[in-house]
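Here is a protein chain to explore through questions and answers. Which charged pairs hold its parts together, and what lies inside?

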Amino acid sequence: MMKVLVLYDYPPSPGGLATQGDLLLRGLRDLGVDAHACHFESPQEKEWYYRWLEPDVVVGVGFWGHTSHLVLHPQRYGVQAVPWLVADGYVAAYHEVLNQLPLILVTSTWVKETYQRDGIDGDRIEVLPVGVDTEAFCPRPRDDVKVKAIREALGVADDQLMILTVGGDAASKGAQEVMQALALIDAEAPDWKYVCKVWPQPRTVAQNLADLQLATQLGIEKNVTYTTNVVSRNFMPYLLAACDVYAGPSRLEGFGMLHVEAAACARPVLAMDAMGFRDTMVHGETALLAAVAQEIKVAEAVLGDDHGLAAGHRVVFPELKTVDYRADVTDVARHLLQLLRDESLRRRLGEAGRRRAVERFDYRTVAQRFVELASSRLGIR
């Protein structure tokens, strides 16, 4: 029996990386794999598992700056390490380490491209999408008592269409572009409410104020609601089911877990024709993808110890590096107006999105793919 140790934010917080790791753990156990979990920053507990479990492979969920925890630590004990990485920053300090690994997992084709651009051997990289619990994230009717309670708590009337964006902060998920688009179509669109669910953290306080100030400047502040609180994963399926459109033309997205979860709930998704969305969404079939208006590029950056470098280390990129994207506001407006006006379009995209989520992104399917990769690339049975 294959023995796997999964390193992530464990016990799992509601965050994306923790959910990514926890669903892999569940999927592996469902397949009969002897799988265990440990916090990626816990050297003593990791060593304990190395000694008694003697895992065939250690899978570490995080970004490349976590390489010391996800790769170097297990390697010191002679254990095979496979990082499962998201796009974040510039692979500046760990080229040599990563290029010696037989297998690196990434969450989308776009993430693979960014790693190759940054000097990682593409032959070592395989795409493994993030899983979704399609039993928890499933279609629910508007009159479901739990769904109705959320809409009431958010002040969304029965005859209003609820547009939702969820993120650590809303601006990074494209909320400013969505608000600008809503201002353009407000006179033509049916009655709507735009809800942004963000997580309480220091950086969001100033960002939320800036976003709400923009809503006021656009004259749509009465229809924009920001909710900032910690919620469990148990709450999220009902929040997504409460919306009529999930809008997230994110400025930087290596996969887009919330978008896939919204699709699993049979909600139509508005995203951008770039990044991880090209793997997860199909324009006109499961979602509407806005065009890219701008790529924000930089020539250099100052990095620090969170990237495995000395504090204040200056990196000059060999080519201009895209640090985020901006969706075309006119395109976002056009797609939003279509979705708000056409209930049958919302239903068609939602139903197709649900089918695609079940077929491609169910966490058990992802776990099975991992087992296949461990067998074919590492010779583990």
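Q: Which residue forms a salt bridge with Glu188?
A: In this predicted model, the side chain of Glu188 meets its partner with N and O 3.7 Å apart. A salt bridge needs a distance within 4 Å, and this pair meets that rule. The partner is Arg341.

Q: How many residues apart in sequence are the parts that Glu188 and Arg341 tie together?
A: Glu188 lies in the loop between helix 7 and strand 8 (192-198). Arg341 belongs to helix 12 (residues 329-341). The pair therefore ties together parts whose separation in sequence is 153 residues.

Q: Is Arg341 buried or exposed?
A: Glu188 is partly exposed, at 45% relative accessible area. For Arg341 the relative accessible area is 52%. Exposed means over 50%, so Arg341 counts as exposed.

Q: Which residue forms a salt bridge with Glu177?
A: Glu177 sits in helix 7 (residues 175-185). Its partner lies in the loop between strand 10 (245-247) and helix 10 (257-264), so the pair ties together parts 74 residues apart in sequence. The N to O distance is 2.8 Å. The partner is Arg251.

Q: Are Glu177 and Arg251 buried or exposed?
A: Glu177 has a relative accessible area of 5%. Arg251 has 12% relative accessibility. Buried means under 20%, so Glu177 counts as buried, and Arg251 also counts as buried.

Q: What is the relative accessibility of Glu261, the salt-bridge partner of Arg233?
A: The closest N and O atoms of Arg233 and Glu261 are 2.3 Å apart. Arg233 is in the loop between strand 9 (224-228) and helix 9 (236-242), while Glu261 is in helix 10, 28 residues apart. Arg233 is partly exposed at 22%. Glu261 is buried, with a relative accessibility of 1%.

Q: How many residues does the largest nonpolar core have?
A: In soluble globular proteins, nonpolar side chains tend to be buried together. Among the residues with the most contacts inside this core are Met162, Tyr246 and Leu336. Beyond its neighbours within four places in sequence, Leu336 touches residues including Ile163, Val178 and Leu270. The largest core has 102 residues.

Q: How many residues are in the second core?
A: This core is separate. It includes Val6, Leu24, Val61 and Val82. Its count is 25 residues.

Note on methods
Residues numbered from 1 in each chain as written. Predicted model: local features only at pLDDT ≥ 70, side-chain atom pairs only at ≥ 80, totals over all residues. Heavy atoms only, no water. Helix = DSSP H or I, 4+ residues; strand = E, 2+ residues; numbered from the N terminus. Buried < 20%, exposed > 50% of the residue type's maximum accessible area, 1.4 Å probe, protein only. Core = buried A, V, L, I, M, F, W, Y, C linked by side-chain atoms within 4.5 Å. Contact = heavy atoms within 4.5 Å.
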